[in-house]
Amino acid sequence: MSRIWVKLDATTPIPLSELSPEKRRAIEEAVARPDPPPRFLRLPFAEIPSRAWYEWHWARNINPDRKRKLSEKTRDLVITRDGLTCRLCGGPVERSDVHVDHIRPRAKGGDDSLSNLQVSHSACNVRKGANG
Ligand SMILES: [Zn+2]
């Protein structure tokens, strides 16, 4: 497991050294799973960044803080190339329902290059279960 230190601020999680042994074990279990744990922990009055989520990404050499949103230009290029056809189910997609899907999910190291992107229905992308 990675031990990279980060400055504690509103967007970084509690350091491992401040967690109980049980919580650290829970994080190790979460890191061992193939899919990332939730990004935030819900507390009664706040949402805080999940240490496990960070550790999961660091263990795979993925920067957890990289930009998540695709540029409009990239989106348009993918839609122009694929047309309004879902690449997951083959069906026609309404313009208002176009989703640009990551073929290899970002969570598994996929990037935002055109060869890793395709048009899909938003519902088909949800079914695929990836952070597309
Ligand atoms: Zn579809």
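The axes of α1 (residues 21-32) and α2 (residues 51-59) come within 9 Å and cross at roughly 45°, where axes are lines fitted to C-alpha atoms, for helices over the stretch in contact, and angles run from 0 to 180 degrees between N-to-C directions. The crossing is right-handed, a term used when the near helix is turned clockwise from the far one by less than a right angle, with anticlockwise giving left-handed. On the α1 side the contact is made by Ile27, Ala30 and Val31, and on the α2 side by Arg51, Ala52, Glu55, Trp56 and Ala59; two residues are in contact if their C-beta atoms, placed from the backbone, lie within 7 Å.

Helix α2 is largely enclosed by the rest of the structure, because seven of its nine residues are buried. A residue is called buried if 20 or more other C-beta atoms lie within 10 Å of its own, exposed if 12 or fewer do, and partly exposed in between, with C-beta atoms placed from the backbone. The buried residues of α2 are Arg51, Ala52, Trp53, Tyr54, Glu55, Trp56 and His57, and what covers them includes α1 and β2.

## The model and its confidence

This is a predicted model, in which local features need a pLDDT of at least 70 and side-chain atom pairs count only at pLDDT 80 or more, while totals for chains, interfaces and linings use all residues. Residues are numbered from 1 along each chain as its sequence is written.

The pLDDT, which is the predictor's confidence in each residue from 0 to 100, averages 83 over the chain, and 84% of the residues score at least 70. Where pLDDT is low, the predicted coordinates should not be read in detail.

## The chain as a whole

The secondary structure comes to four helices and four strands, which run α-β-β-α-α-β-β-α from the N terminus on. Here helices (H or I, at least four residues) and strands (E, at least two) are DSSP runs, numbered from the N terminus. Of the 132 residues of the chain, 20% count as buried. Among contacts between residues at least 6 apart in sequence, 55% join residues at least 24 apart.

## Two nonpolar cores

A nonpolar core is a set of buried Ala, Val, Leu, Ile, Met, Phe, Trp, Tyr and Cys residues joined through C-beta atoms within 7 Å. The largest one here has seven residues, namely Val78, Cys86, Val93, Val100, Leu117, Val119 and Cys124. A second, separate core has six residues, including Val31, Ala52, Trp53 and Trp56. In soluble globular proteins, nonpolar side chains tend to be buried together.

Leu117, which lies in strand β4, is buried, with 25 other C-beta atoms within 10 Å. Leu117 and Val78 are 39 residues apart in sequence, yet their C-alpha atoms are 6.8 Å apart in space. Beyond four places in sequence, Leu117 is in contact with Val78, Val100, Asp101, His102 and Asp112. Val93, counted in the same way, touches Leu84, Thr85, Cys86, Val98, Val119 and His121.

## Residues outside the cores

Asn61 lies in the loop between α2 and α3 (72-82), and counts as exposed, with 8 C-beta neighbours inside 10 Å. Although Asn61 is not a glycine, it has a positive phi of about 60°. Pro92, found in the loop between α3 and β3 (98-102), is also exposed, with 11 other C-beta atoms within 10 Å. Leaving aside neighbours within four places in sequence, Pro92 is in contact with Leu84 and Thr85.

Ile48, in strand β2, is partly exposed, with 14 other C-beta atoms within 10 Å. Beyond four places in sequence, Ile48 is in contact with Pro13, Phe40, Leu41 and Leu43. The C-alpha atoms of Ile48 and Ile14, 34 residues apart along the chain, are separated by 8.9 Å.
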